[in-house]
Amino acid sequence: MLVTMAEILKRAREGGYGVTAPNVQSEDTVRAVIRVAEERKAPMIIDVNAFIHPDLPWFVHMIRELAGSSSVPIAVNLDHGRSYEDVMLGIRSGFTSIMVDRSGMPYEDNVRETKEVVRMCHTLGISVEAELGHVGQGTNYEVDGIRNLTEPEEAARFIKETGVDCLAVAIGTAHGRYKGKPHIDFARLAKIVEACKDTPLVLHGGSGTGDENLARAVRNGIQKVNLATELVVAGKEELESFMQDPNFDKWKLIPAFIKGYEDRLTHYIKLFGQEGRAWTV
Ligand SMILES: [Zn+2]
């Protein structure tokens, strides 16, 4: 069934577990995510980047059809809506949740633009995620990993001023592959959790952060973990191993990729305590 992200994350916050938000690229990956969610009886957040598909309204319509007839609660979230146009296209496409990413802007501008999106989306029953501080790229980790981390008091103020449903925080993770070892600022996370009280928190850049760090982040107050790179790399590795056999069956190439993607996603569902948390209405 289709739900908003706010419903999923509110329950995760109360239940003390985390929810994976895998990035999807195709019908195959969408079906893989829903299949795994149903097998594990897990609520799920499907993350879609605006640039991932040339026909976003069609792509989201397809996801909504599949998610709507699924036995588990599923939210469909626009990941990193970076412009007014992205957000408007997201609303028209039928996302149940939208991330408005103005994390590259000064605080006051981020508040102003996020607040405007919250007003539009909440009128339409759509949840909103925003980002404060800035989660950078792993390839530039020496610089991005240590600057623009989220300030706890500022985060509390931001939530109050904008009315967002959940907040992505920068505590030392990065997008893509890390250059160097990730250092997660758990002391900062504890202060953010304390300051932000009941608002669910999101961690971008889950890939390559490591099981120990991610499980600890979830135990200490993160409710949504975004995963993209690692799932695709797991698919690629499974595909490469399948192709080792010189007589491989060409019709099983995509299923081999999907197996790797699914296995990795299942691993995280178990790690975050998301298994068995699906509810029915
Ligand atoms: Zn992200």
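**Fold, zinc site and backbone of a predicted chain**

In the protein chain, 73% of the contacts with a separation of 6 or more join residues 24 or more positions apart, a contact being a pair of heavy atoms within 4.5 Å. The model is a predicted one, in which local features need pLDDT of at least 70, side-chain atom pairs count only at pLDDT 80 or more, and totals for chains, interfaces and linings use all residues. Residues are numbered from 1 along each chain as its sequence is written, and side-chain values use heavy atoms, with hydrogens and water left out.

The secondary structure of the protein chain amounts to 11 helices and eight strands; these are DSSP runs numbered from the N terminus, with helices being H or I of at least four residues and strands E of at least two. The C-alpha trace spans about 60 × 40 × 35 Å along its principal axes.

Of the 281 residues, 54% count as buried. Here buried means under 20% relative accessible area, exposed over 50%, and partly exposed in between, with a 1.4 Å probe and protein chains only. The protein chain exposes about 12,700 Å², of which carbon and sulfur atoms supply 52% (Shrake-Rupley method, 1.4 Å probe).

Turning to the metal site, the zinc ion is coordinated by NE2 of H80, NE2 of H175 and ND1 of H204, at 2.0 to 2.1 Å. Donors are N, O and S atoms within 2.8 Å of the metal (3.2 Å for Na, K and Ca), and the site may look incomplete because water is not among the atoms. Along the chain, the zinc donors follow the spacing H-x94-H-x28-H. H80 in strand β3 (residues 74-81) and H204 in the loop between β7 (201-203) and α9 (211-219) are 124 residues apart, so the pair links distant parts of the chain. H80 counts as buried because its relative accessibility is 7%, and H204 is likewise buried, at 1%.

Most residues other than glycine have a negative phi. N148, in the loop between α6 (141-144) and α7 (152-162), has a positive phi near 60 degrees and is partly exposed, with a relative accessible area of 44%. K197 lies in the loop between α8 (186-196) and β7; its phi is positive too, near 45 degrees, and at 59% relative accessibility K197 counts as exposed.
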